[in-house]
Amino acid sequence: MAEPPWLTPELMDVTALLLESHRQAFGRPLLAGHNPGRCRRLGAQELFAGAEVVLAHGGGRDPRLIYANGAALRLWRRPWTAMVGLPSRLTAEPQERRARQQLLETAERLEAIRGYRGVRVDGEGRRFVIDNARLWTLRDEEGRGCGQAAAFSSWWWL
C-alpha cells in the first residue's frame, strides 16, 4: 500500500521546512512539544492531523500550494490531489485577490505577521472568513525565501 502523500520523503521535507520556518519566524513551535531533532515522520503525521489549519505555497509569480493539512482540506472541501498544486490565489474570490496579494507581500517583507483576517472561498464556492491568521516566509537551509505558509484556527462561514 502506498504512503499518504504527506508522508512521502519530499513532503516530509516540506513539513520540516514549515515547522522550522515557523519556529524561526515566531520563536515558538507550530506543534506543541515539537523540537527539530524529533522524528520527521511523526512531525508530518501530527501536522497533517492537527486541528489548526495549515497550508503553504511555493515561490514564483503565481505560486501553487505545496502543502495543506487535513484541517485545510476539510475547510476548503478539496481532496489532496485538488488542493496541492492549485494556484494559491484561487483560495480567494477574484475581488479578494488584490488584498490577499498585498498581505502576502507585507508578510514577505516583514518575515511574518499575526492577526490577519480575510475572506476565502472553498472548492464549492462557499465563502468564509479566516481570523487571527499567522503568515510566515518559508526559508530553506541557506536562508533563501522559498514560499509562504499560513496557520489559523478561527474561521466562520459567511
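**Note on the predicted model: salt bridges, helices and core**

1. Start with a salt bridge. The side chains of Arg23 and Glu20 pair at 2.3 Å, N to O. The term requires a side-chain nitrogen of Lys or Arg within 4 Å of a carboxyl oxygen of Asp or Glu. Arg23 and Glu20 sit 3 residues apart in helix 1, which means about one helical turn between them. An α-helix has 3.6 residues a turn, so residues three or four places apart point the same way. Arg23 is partly exposed at 35% relative accessibility, and Glu20 is partly exposed at 24%. Buried stands for under 20% relative accessible area, exposed for over 50%, and partly exposed for what lies in between (1.4 Å probe, protein chains only).

2. On the basis of the values. This is a predicted model, in which local features need pLDDT of at least 70 and side-chain atom pairs count only at pLDDT 80 or more, while totals for chains, interfaces and linings use all residues. Residues are numbered from 1 along each chain as its sequence is written, and side-chain values use heavy atoms, with hydrogens and water left out.

3. Other salt bridges. The whole structure holds 12 of them. Arg89 pairs with Asp62, with 2.8 Å between the closest N and O atoms. Arg89 lies in the loop between helix 4 (80-83) and helix 5 (97-110), and Asp62 in the loop between strand 1 (53-57) and strand 2 (65-68), so the pair ties together parts 27 residues apart in sequence. Arg89 is partly exposed, at 33% relative accessible area. Asp62 is partly exposed too, at 34%.

4. A pair with one buried partner. Glu93 and Arg127 form a salt bridge at 2.7 Å, N to O. Glu93 is in the loop between helix 4 and helix 5, Arg127 is in strand 4 (residues 127-139), and the two are 34 residues apart. Glu93 is buried at 14% relative accessibility. Arg127 is partly exposed at 32%.

5. Arg77. A network of salt bridges links Arg77, Asp122 and Glu124. Arg77 sits in the loop between helix 3 and helix 4. Its relative accessibility is 33%, which makes Arg77 partly exposed. Its backbone deserves a look: phi is positive, about 55°, although Arg77 is not a glycine. Most residues other than glycine have a negative phi, and most peptide bonds are trans.

6. Further positive phi values. Asn132 is not a glycine either, and its phi is near 60°. Asn132 belongs to strand 4.

7. Helix 1. Helices are DSSP runs (H or I, at least four residues), as are strands (E, at least two), and both are numbered from the N terminus. Helix 1 covers residues 9-26, 18 residues in total, and reaches 26 Å from first C-alpha to last, close to the 26 Å expected at 1.5 Å a residue. The expected span is 1.5 Å times one less than the number of residues. Its buried residues include Leu11, Val14, Leu18, His22 and Phe26.

8. Thr15. This residue lies in helix 1. Thr15 is buried, at 1% relative accessible area. Beyond residues up to four places away in sequence, Thr15 touches Gly43, Ala44, Leu47 and Tyr67. Contact means heavy atoms within 4.5 Å.

9. Helix 2. Which residues of helix 2 (residues 40-49) are buried? They are Gly43, Ala44, Leu47 and Phe48. Seen down the axis, these buried residues fall within an arc of 125°, so they line one face of helix 2. The arc is taken over directions from the helix axis to the C-beta atoms. Their cover includes helix 1, strand 1, strand 2, helix 3 (70-76) and helix 4.

10. The core. The largest nonpolar core has 44 residues, and Leu18, Tyr67, Trp76, Leu135 and Trp136 touch the most other members. Such a core is a set of buried Ala, Val, Leu, Ile, Met, Phe, Trp, Tyr and Cys residues joined through side-chain atoms within 4.5 Å. Setting aside neighbours within four places in sequence, Leu18 contacts residues including Leu47, Val54, Tyr67 and Trp136.

11. Cysteines. The structure has 0 disulfides, the criterion being a pair of cysteine sulfur atoms within 2.5 Å. Cys39 is partly exposed at 45% relative accessibility, and Cys146 is partly exposed at 27%.
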